[in-house]
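Subject: Structure for your review

Dear colleague,

The structure we spoke about is below, and my notes on it follow.

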Amino acid sequence: MPLPNLQDMLRGLIETPSVSSVNPQWDQSNLGVVDHLSQWLGDLGFEIEVLPVPGHAGKFNLIANAGSGPEGLVLAGHTDTVPYDEARWKHDPFKLVEADDRLYGLGSCDMKAFFALAIEAVRDLPLGTLKRPLTILATADEESGMCGAQALAAMHRRLGRYAVIGEPTGLVPVRMHKGIAMEAIRLTGQAGHSSDPALGNNALEGMHKVIGELLAWRAELQSNHRNPLFKVEVPTLNLGHIHGGDNPNRICAQCELQIDLRPLPGMALEPLQNELRGRVVRTLEGSGLGIDVRPLFNSIPAMETPASSAIIKAAEKMTGFQAQAVAFATEGPYFKQMGLETLVLGPGDVDQAHQPDEFLALKRVQPCIEMLQSLIRRFCL
Ligand SMILES: [Zn+2]
């Protein structure tokens with residue numbers, strides 16, 4: 001079957017819903033998108049593997065490979081989109097609409113459209129001439145916990161030496177982002193009448209001490225860690241949600257605090273999470289309060305690809321921009337576990353990601369295709 005033109009591939013991807021969400025009411029399979037990509041890349045001569053994500057029914061990763069050897073280039077992206085608020089969209093999220101020099105549709109910016117551009121970039125490539133392999137990698141559930149990328153990392157398979165993730169960076173190269181951990185601290189005390197404090201054990205008062213400790217810890221982290229490449233140069237710790245107690249005249253028996261912790265590259269997540277637990281336990285020593293500290297979702301490590309990496313240098317030369325740090329997380333840390341040196345570079349603007357009437361500016365389409373072709377020439381031919 002002849003490969004559809006770029007417009008038809010874009011339309012096919014946008015019109016195939018692939019919402020992922022931790023809320024089962026929103027969550028959808030990504031198989032429709034994976035099927036399109038398999039068909040198109042298979043027709044071009046790529047070897048196709050569709051891998052079910054263990055423990056996540058209806059979710060699939062796709063590896064499409066051309067050429068062989070260990071040192072190739074991977075063009076990667078996620079097949080899923082975030083949910084959408086239809087009432088706030090002027091356009092139909094599942095129709096590709098071209099207007100105002102823009103392509104509108106859910107996933108046009110973040111980031112299904114990238115796959116159509118990547119396929120367009122390889123359309124006329126004689127695959128037989130590849131000196132190093134070229135892989136197109138499409139993952140499941142990036143927006144809802146990254147189980148697709150985690151499953152790939154757990155396979156311990158080497159897909160290549162370099163990766164480009166087409167997340168929205170406005171075609172500016174990115175080599176760093178912070179990690180994200182969200183943690184819940186739950187304290188359990190004993191309820192009792194407010195008139196006699198001896199009757200209970202106040203979880204709110206315990207949390208007051210915990211908050212004091214967390215703010216002191218934050219100050220320590222921020223004085224010990226700094227990276228001027230980030231707009232917010234220090235690691236952050238946000239107190240985002242608290243709930244405790246029910247009545248002014250009852251001793252508070254339960255209190256929960258939820259925090260968001262964003263470490264810089266070089267700050268590993270697990271030691272931070274252990275430190276958090278250790279500090280809460282030490283602060284409440286002897287209080288008699290029950291303590292439970294646990295992650296609210298799968299944490300994402302920070303990412304850093306060295307400025308000296310060939311893929312970063314090539315992207316800097318090609319774009320004329322120095323590689324930057326961004327405020328959003330990617331699957332890059334999992335790709336790093338797979339031995340890939342990762343560049344984040346994509347045609348969308350992050351300002352439009354996760355927004356109603358998400359769009360991709362038409363003026364970014366051709367430059368993105370040409371950049372991908374230039375990277376393929378540099379790393380595969
Ligand atoms: Zn994305």
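A salt bridge joins the side chains of Arg 175 and Glu 304, at 3.7 Å from N to O. Arg 175 belongs to strand E8 and Glu 304 to strand E13 (residues 303-304), so this pair ties together parts that are 129 residues apart in sequence. Arg 175 is buried, at a relative accessible area of 10%, while Glu 304 is partly exposed at 33%. Please keep in mind that this is a predicted model.

Other salt bridges

The search of the whole structure gave 19 salt bridges. One of them is between the side chains of Glu 256 and Arg 186, at 2.7 Å from N to O. Glu 256 is in strand E11 (residues 254-262) and Arg 186 in strand E9 (residues 181-188), so the pair links parts that are 70 residues apart in sequence. Glu 256 counts as buried because its relative accessibility is 18%, under the 20% cut-off; Arg 186 is partly exposed, with 28%. Arg 123 has a relative accessible area of 23% and is partly exposed, and Glu 120 is partly exposed at 22%.

His 78 is in strand E3 and Glu 167 in the loop between strand E7 (162-165) and strand E8 (174-177), so the two tie together parts that are 89 residues apart in sequence.

Both His 78 and Glu 167 are buried, His 78 with a relative accessible area of 0%. The side chain of His 78 also reaches the backbone oxygen of Asp 80 at 2.9 Å and makes a polar contact with the side chain of Glu 142 at 3.3 Å.

Helix H2

Helix H2 (residues 31-44) has 14 residues and should span 20 Å at 1.5 Å a residue; its end C-alpha atoms are 20 Å apart, which agrees. Its buried residues are Val 33, Val 34, Leu 37, Ser 38, Trp 40 and Leu 41. Among the elements covering them are helix H1 (6-14) and strand E1 (47-52). Just after H2, Gly 45 has a positive phi of about 105°.

Regards

Key
Residues numbered from 1 in each chain as written. Predicted model: local features only at pLDDT ≥ 70, side-chain atom pairs only at ≥ 80, totals over all residues. Heavy atoms only, no water. Buried < 20%, exposed > 50% of the residue type's maximum accessible area, 1.4 Å probe, protein only. Polar contact = N/O pair within 3.5 Å; in protein donor to acceptor, adjacent residues only side chain to side chain. Helix = DSSP H or I, 4+ residues; strand = E, 2+ residues; numbered from the N terminus. Expected span 1.5 Å × (residues − 1). Contact = heavy atoms within 4.5 Å. Salt bridge = Lys/Arg side-chain N within 4 Å of Asp/Glu carboxyl O.
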